[in-house]
Amino acid sequence: MLVCTAAQMREIDRTAIEDFGLPGVVLMEIAGRGAVAVLSKLKELKDLRVAILCGPGNNGGDGFVVARHLISRGARVTVFLVADHAKVMGDALINLQILERMGAKLLPMATAQDLERAENVLIHAQVLVDALLGTGISKDVDGVMRAVIERTNACKCLRLAVDISSGLCADTGQVKGVAFNADHTVTFGYPKVGLVTHPGVAKVGRLHMVDIGIPSTIEEQKQFVAQ
């Protein structure tokens with residue numbers, strides 16, 4: 001199996017976007033839609049109570065796409081933005097604004113008080129979707145983000161991570177202070193080293209791959225890690 005580091009995946013994305021002209025927002029759309037396709041095989045989506053935890057970066061953008069497609073398929077979705085709204089930019093902001101125009105249920109979770117107010121939604125959620133941190137994490141998770149992950153790990157429902165469990169180092173599989181305990185992880189493009197090595201593999205659950213349309217010639221140009 002071919003796996004990649006976070007830096008390699010960023011370079012693959014950059015090549016697809018800049019050299020092949022494949023817009024980043026399109027890659028995000030395919031990724032989010034692919035995650036919903038995986039979830040639809042695990043649960044009936046109509047009336048499914050789903051809480052989606054989104055950070056400010058592209059992982060959060062994937063989560064916004066997941067939310068839109070779940071809403072379109074009849075799920076009862078609450079999106080929590082675990083960040084300052086002003087920090088959401090680029091392709092992620094495009095998808096956040098679409099959700100806002102749709103009138104989706106969007107709630108802040110930027111403080112400890114926000115987390116307390118979210119308790120009722122978390123208790124009754126049938127699925128928790130982690131779209132908080134993605135592969136770019138470089139330091140231990142702390143503050144509200146850590147509290148959110150610790151609280152959601154205690155929930156008795158199906159937990160699905162988007163691309164990688166938040167708090168897991170994509171390159172080493174090491175837990176950066178705390179990590180989301182996923183029952184299922186839907187990763188995009190190629191599996192990351194941290195998803196298939198210890199101790200990270202214990203946080204992944206069942207690993208699902210989604211092809212996001214990366215041109216095959218890019219794979220031929222890059223050096224991957226063989227597992």
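Begin by selecting Leu81 and showing its surroundings: setting aside neighbours within four places in sequence, Leu81 is in contact with Cys54, Gly55, Phe64, Val88, Leu96, Leu107, Pro108, Met109 and Ala110, where contact means heavy atoms within 4.5 Å. This is a predicted model, in which local features need pLDDT of at least 70 and side-chain atom pairs count only at pLDDT 80 or more, while totals for chains, interfaces and linings use all residues. Residues are numbered from 1 along each chain as its sequence is written, and side-chain values use heavy atoms, with hydrogens and water left out.

Leu81 lies in strand E3, residues 76-81; strands (E, at least two residues) and helices (H or I, at least four) are DSSP runs numbered from the N terminus. Leu81 is buried, with a relative accessible area of 10%, and buried means under 20% relative accessible area, exposed over 50%, and partly exposed in between, with a 1.4 Å probe and protein chains only.

Not counting residues up to four places away in sequence, Ile52 touches several residues, among them Gly63, Leu70, Val79, Phe80 and Val129.

Which residues touch the most other members of the largest nonpolar core? They are Val50, Ile52 and Leu70, in a core of 42 residues; a nonpolar core is a set of buried Ala, Val, Leu, Ile, Met, Phe, Trp, Tyr and Cys residues joined through side-chain atoms within 4.5 Å. Select helix H2 (residues 24-42) next, as this helix gives the most to the core, with six residues. A second, separate core of 22 residues includes Phe80, Met109, Leu132 and Cys155. In soluble globular proteins, nonpolar side chains tend to be buried together.

Turn to the cysteines, where a disulfide is a pair of cysteine sulfur atoms within 2.5 Å, and by this rule the count comes to zero. Cys157 is in no disulfide either, its nearest cysteine sulfur, that of Cys155, being 5.3 Å away.

Finish at Glu11, found in helix H1, residues 6-19, and partly exposed with a relative accessible area of 29%. The C-alpha atoms of Glu11 and Lys46 are separated by 37 Å.
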